[in-house]
Amino acid sequence: MNPCLVGHDLGFAYGERFVLRQARAVVAPGRVTALLGPSGSGKTTLLWLMAGLQTPRTGRVVVCDAPAAWQTGRPVGPGDRIGMVFQTPALWDHLTAEEHLEIVLSGKGLDRAARQRRIDALLERMHLGALRKRLPGRMSGGERQRLSIARALVTEPGWLLMDEPLAHLDGPARSDLLDVLRDVLADTRPGVLLATHDTDEALRLANDVVVLLDGAVAQAGTADEVMLRPADLAVARLLGPAAEIAGSAGGGVLRCDGTAVLEGLPAAATGPRRLILRPADLAFRPDASGPARVLRCERTPSGYQLVVEVAGARAWVQHGGPCAAGTVGRLVLVGSMP
Amino acid sequence: MSMSRQGWRWYDVAAEAVAAGALLPLAAAIACSFAPPGAPSAYADWWGTARGWEAMGRSMGLAALAATLAVALAWMLAAAAGRASTRYAFALAGLACLPLLVPSSLLATAWIAALGREGAVTQALRPIFGDATFSLFSPTGAAAALALRYFGLAALVLVYARRREEAHWPAEQVFRIPPLTRAVHLRLRPAIKPTVAAWLLVALFCLNDHIIPGMLLVSTYGTQVLIQYSALFDARGAAALAVPMAAVAALAAALALRLGATAWPSADRLLTTRRPPAPLLGRALGAGLAAAILALALAVPVTVLAYRAGSWSALGQAFAGARDQAWETLQVASAAGILCAAAGGLLAACWLRARRQGRWTAVPLVLLNLAVPPSLLAIGLLQLMQLSPWDALRNTSAGLVLGYGARFLPVATVVLFALWREEPPEPLAAARVHGLSGYRTVRHVLWPRHWPALGAVGLLAALLAATELEVSILLAPAGATTLGVRLYTLIHTAPESLTSSLALDMLLGVGPAVLVLALLVSLGRRRLAAEAP
């Protein structure tokens with residue numbers, strides 16, 4: 001029996017316009033699966049289908065190979081509860097922080113004292129202890145989002161669905177909440193499906209990644225697999241700057257129209273190759289007879305990045321220091337060959 | 001409408017002057033209510049004895065009963081129509097507001113034709129109930145007639161509040177909130193403030209409407225004010241009776257605004273995904289019940305009027321007899337609409353500027369003119385018209401237009417303010433930054449975006465002016481009354497077929513105007529929505 005939460009071949013359309021086609025998402029207990037895709041790729045729709053908030057045109061949502069309890073409407077046990085963090089906090093404006101959690105916990109089989117203990121602990125954990133009597137309208141954006149997450153976690157759900165939980169927060173608030181979220185998820189260990197367009201957020205939290213492009217799954221696998229071996233350039237570009245260089249490999253060099261555009265390939269690599277390369281995979285060596293030319297040098301948080309033109313293609317190269325535009329040189333593969 | 005802190009401009013000064021001018025009649029009426037030194041106090045006459053308190057108690061009791069009935073009806077309409085769909089609920093609530101756009105006298109005429117002593121329904125029931133047959137000529141009947149005129153306002157407020165609550169359906173569903181908890185904490189609790197706000201709003205309008213109770217022979221303070229001024233020629237006494245009522249009304253309006261503002265804090269953007277539809281039977285029942293409530297408020301009076309009118313030719317004859325009043329109504333209402341749209345646009349824009357610059361402005365005070373009894377404004381204007389150079393306006397249509405302007409300027413101002421407040425300031429800021437001249441900014445940036453809204457508030461103000469009675473009775477020039485006033489004066493003297501025909505004529509006139517209004521509102525919403533970020 002498969003213990004995972006699985007969305008099988010999910011399809012959804014607004015009228016005749018399909019926004020999701022045969023999408024498959026798998027969430028394993030205790031693991032975080034990131035649903036990564038640009039705006040409009042169908043992430044929210046897939047999440048809403050998984051939560052049973054919309055009915056799919058095709059496919060079904062199952063847990064342990066049976067239709068999910070929240071989809072069928074039968075009484076739910078503690079193991080098959082879901083929690084959800086919406087794209088906007090979707091809080092009840094007339095209820096205080098404490099009341100939000102109290103109302104979600106009501107009718108879930110806990111006595112008053114147990115409910116209060118759980119609420120107190122979670123509010124403290126989410127740094128909302130001092131705001132327990134406050135209405136959402138009097139909270140900051142970060143506080144509202146923390147309350148939204150606390151509401152989703154208070155029932156100790158087996159499955160947690162999160163739709164861009166950090167999207168509306170600025171740098172420090174985002175970083176703080178990410179830390180809190182990672183700690184809480186490590187302790188409570190629900191199966192998490194996290195929809196996000198932010199690669200950094202996905203890679204910092206997720207064990208597995210499902211890439212959605214134009215309403216279809218473009219690639220699914222562990223975070224390392226997707227990061228290191230993107231299925232195509234579109235997936236690679238979603239994860240960060242990436243270049244595609246095609247040519248014929250041989251003698252440790254990749255040639256394009258007779259020109260050696262990339263050096264440092266393993267000697268065993270031969271024949272036609274199409275390589276997807278990230279900035280960290282490449283190094284730039286200045287050489288007046290080289291085929292590559294620096295278009296510009298950009299500063300990044302971790303150093304410098306060169307935008308280089310080689311054989312009509314554009315590549316991004318991580319670099320140790322500044323480099324003048326127009327410098328000519330060679331590109332060398334420094335990482336393992338993708 | 002710039003976000004930046006800026007100093008006063010000439011139009012800010014103009015807006016403050018217009019606001020002060022709009023408040024002048026109220027100030028004049030209050031001043032008039034105080035006795036000159038040495039004279040006995042008019043306040044003591046009314047409020048030192050039981051007379052004033054009785055009038056106040058009777059009026060407030062009637063308004064409270066009417067508001068309670070109206071809110072109950074509005075609740076039923078909002079809940080039943082909401083089961084069908086939110087769009088349907090808004091459409092029905094909008095239709096329920098139609099009685100606000102016809103004169104009180106027209107509605108009273110229709111209800112008397114239906115449920116008066118000789119009414120069509122009363123006569124049908126008399127063989128069954130005999131002397132116990134219900135008659136409209138009682139405080140309860142008057143409250144019911146008032147409720148059926150004003151319940152649309154409450155329905156709009158409640159439908160809006162329900163939409164806000166129901167926007168949270170995904171969270172309710174995901175977290176499986178038990179039905180009782182949901183009903184108490186997520187339905188009832190958030191509905192308390194909007195319900196009280198709606199009740200206060202309706203009570204306020206009922207308190208200021210003495211036409212319907214008056215025609216149903218229930219005396220309120222408004223009737224007393226009219227008698228005091230028109231029959232006893234005692235302006236001071238009339239004002240002294242109306243001023244405390246104005247204070248009560250202003251308090252009720254402030255409380256309603258406060259409750260309305262705190263009922264929907266904007267902490268979160270609404271989820272726009274629609275709730276899955278209820279089962280078909282539930283939707284059909286909801287839609288049917290809501291339609292039945294609306295039919296009671298609209299179809300019954302119209303049907304009875306048509307029955308009493310008798311024939312199409314009667315409508316033509318009634319119109320021929322009231323052609324002068326129709327022409328006068330059209331002229332003064334159009335002028336009032338243009339005045340309100342122009343001045344309201346200026347006031348709303350400058351109110352918004354003051355708010356964004358964090359400075360005080362007198363503009364919001366003009367809302368008082370909508371809260372206080374209309375007769376008080378009219379008395380104030382009449383007092384002003386005794387002074388030079390205002391005396392030239394006395395007994396002219398221009399005076400009447402000024403009265404309508406003072407009364408309905410707050411409607412135009414508050415509607416435009418609410419609309420423009422939601423609008424991003426960037427288009428205007430871009431015009432400034434890129435050096436467009438004032439003319440080009442108005443011609444190419446402001447006018448294309450705002451003409452439907454200005455047209456809609458102008459038409460709304462014109463409709464309200466055309467159907468207004470309290471100010472018209474006191475300010476209409478001799479020999480040139482409006483259609484509403486003619487209906488009011490004919491009701492107890494003319495044959496029922498004539499009054500019914502005239503009422504139907506007015507309805508036929510209002511109908512196309514309401515359609516144009518709906519068209520302008522829709523156009524305005526589409527224009528602003530298309531440019532929203």
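Predicted model: local features only at pLDDT ≥ 70, side-chain atom pairs only at ≥ 80, totals over all residues.
Biologist: What makes A:Glu99 and B:Arg189 a salt bridge?

Modeller: The cut-off is 4 Å from a side-chain nitrogen of Lys or Arg to a carboxyl oxygen of Asp or Glu. The closest N and O atoms of A:Glu99 and B:Arg189 are 3.2 Å apart. That is within 4 Å, so the pair counts.

Biologist: How many salt bridges cross the interface of chain B and chain A?

Modeller: The rule finds one there. Over all chains the structure holds 22.

Biologist: What makes A:Arg115 and A:Glu102 another case?

Modeller: Their N to O distance is 3.0 Å. The limit is 4 Å, so this pair is also a salt bridge. A:Arg115 sits in helix α4 (residues 112-125) of chain A, and A:Glu102 in helix α3 (residues 97-105) of chain A. The two residues are 13 apart and link distant parts of the chain.

Biologist: How much area do chain B and chain A bury between them?

Modeller: About 2,400 Å², with 64% of it on carbon and sulfur atoms. The contact takes 24 residues from chain B and 33 residues from chain A.

Biologist: Turn to the helices of chain B. How do you know how α3(B) and α13(B) are packed?

Modeller: Two packed helices are described by the angle between their axes and the distance between the axes. For helix α3 (residues 50-84) and helix α13 (residues 280-309) of chain B, the angle is about 145° and the axes are 7 Å apart. The crossing is left-handed. On the α3(B) side the contact residues include B:Leu73, B:Met76 and B:Leu77. On the α13(B) side they include B:Gly286, B:Ala287 and B:Ile293.

Biologist: Which classes of residue make that contact of α3(B) with α13(B)?

Modeller: There are 10 nonpolar, two polar and two charged residues. B:Arg83 is among the contact residues of α3(B). Arg counts as charged, so B:Arg83 belongs to that class.

Biologist: Which residues of α3(B) meet α4(B)?

Modeller: B:Leu77, B:Ala81, B:Gly82 and B:Ala84. Their partners in α4(B) include B:Tyr88 and B:Leu92. Helix α4 (residues 86-96) of chain B also packs on α3(B) at about 145°, with axes 7 Å apart. By class, this contact has eight nonpolar, one polar and no charged residues.

Biologist: Now the sheets of chain A. Why are β6 and β10 of chain A said to stand at the edges?

Modeller: The open sheet of six strands runs β6-β7-β8-β3-β9-β10. β6 (82-85) and β10 (216-222) each have a single partner strand, so one side of each is left without a neighbour in the sheet. The pairing is mixed. The twist averages 15° from one strand to the next.

Biologist: How do you know that β7(A) and β8(A) pair?

Modeller: Pairing needs at least two bridges. Five bridges join β7 (residues 159-163) to β8 (residues 191-196) of chain A, so they qualify. These strands run parallel. A:Leu160 stands opposite A:Val192. Helix α5 (residues 141-153) of chain A packs on this sheet and touches β6 and β7.

Biologist: Which strands form the open sheet of four in chain A?

Modeller: The order is β2-β1-β4-β5, with antiparallel pairing. β2 (17-27) and β5 (66-67) are the edge strands, each pairing on one side only. β1(A) and β4(A) pair over five bridges.

Biologist: Where is the peptide bond that is cis?

Modeller: From B:Ser388 to B:Pro389, with omega near 5°. B:Pro389 is in the loop between α17 (374-384) and α18 (397-421) of chain B.

Note on methods. Residues numbered from 1 in each chain as written. Chains lettered and ligands numbered in written order. Heavy atoms only, no water. Axes fitted to C-alpha atoms, helices over the stretch in contact; angles between N-to-C directions. Left-handed = near helix turned anticlockwise from the far one by under 90°. Contact = heavy atoms within 4.5 Å. Buried area = accessible area lost by both parts, 1.4 Å probe.
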